[in-house]
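Hi everyone, thanks for coming. Have a look at the model on the screen, and then I'll walk you through a few spots in it.

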Amino acid sequence: MASIDDLPPYQFAFPGPLRDQLVAAVLSGAKSSTTGLLPVYEADGEPLPEVGQRAAMVDSQERPVAVLEMTEVRVVRLADVDLQHALDEGEGFASVAEWRAGHEEFWHSAPLREILGDPHYTVDDDTLVVAERFRVVERLA
């Protein structure tokens, strides 16, 4: 098995309170899915994760705190994200509409728009997202 130093980092959101909340949700078992924008992967030149791939989830100080293994990776239209995926994000969303509103707030934020190089970037029903499921295979902290 690869050492933790050989694993790519897995980051939720940006360092700070939201990342801390999401990392805690993963470690508690409440969070087992996440959703990213396909355009962010493209802007970063980052390949999509693959089923079976492992990564080191990092905290706001960029310290590895757990090893995650991808169990499902789907590229879907934003309008096609289902309730189970939204619930499994572990952020307390009770509906897809709540989930989408919370994600749109993040996706329309200045830091994310900066990554995309578009200060007016917005999502719509046809925006492609990467819906990932994962499991914790090792806690490091």
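**A walk around Ala13 and beyond**

Okay, Ala13 counts as partly exposed, because its relative accessibility is 25%; buried means under 20% relative accessible area, exposed over 50%, and partly exposed in between, using a 1.4 Å probe and protein chains only. Before I go on: this is a predicted model, where local features need pLDDT of at least 70 and side-chain atom pairs count only at pLDDT 80 or more, while totals for chains, interfaces and linings use all residues. Residues are numbered from 1 along each chain as its sequence is written, and side-chain values use heavy atoms, leaving out hydrogens and water.

So where does Ala13 sit? You'll find Ala13 in the loop between β1 and α1; helices (H or I, at least four residues) and strands (E, at least two) are DSSP runs, numbered from the N terminus. Its phi is near 50°, a positive value in a residue other than glycine. Not counting residues up to four places away in sequence, Ala13 touches Leu18, Arg19, Leu22 and Phe106, where contact means heavy atoms within 4.5 Å.

Glu62 lies in the loop between β3 (54–58) and β4 (64–77), and at 38% relative accessibility, Glu62 counts as partly exposed.

Now the pocket. On a 1 Å grid over the protein atoms alone, a pocket is an open set of points where a 1.4 Å probe fits, with protein on both sides within 12 Å along at least five of seven lines, and lining residues have an atom within 4 Å of a point. How many residues line the largest pocket? There are 37, and Gln11, Phe12, Ala13, Gly36 and Tyr41 lie nearest its centre. The lining's largest share, 5 residues, comes from α4. By type, the lining divides into 21 nonpolar, 8 polar and 8 charged residues; here Ala, Val, Leu, Ile, Met, Phe, Trp, Tyr, Cys and Pro count as nonpolar, Asp, Glu, Lys and Arg as charged, and the others, Gly among them, as polar.

Next, the inside. A nonpolar core is a set of buried Ala, Val, Leu, Ile, Met, Phe, Trp, Tyr and Cys residues joined through side-chain atoms within 4.5 Å. The largest one has 14 residues, and Leu37, Trp99, Trp107 and Val129 touch the most other members. Two elements give two or more residues to this core: α4 (96–107) and α5 (110–116). Apart from it lies another core, of 12 residues, including Phe12 and Leu22.

Last stop: Ser33, in strand β2. Is Ser33 buried or exposed? Ser33 is buried, with a relative accessible area of 0%. Its side chain reaches the backbone oxygen of His85 at 2.9 Å, and one of its side-chain polar atoms lies 3.2 Å from the backbone nitrogen of Glu89. Leaving aside neighbours within four places in sequence, Ser33 is also in contact with residues including Asp88, Glu132 and Phe134.

Terms used: Polar contact = N/O pair within 3.5 Å; in protein donor to acceptor, adjacent residues only side chain to side chain.
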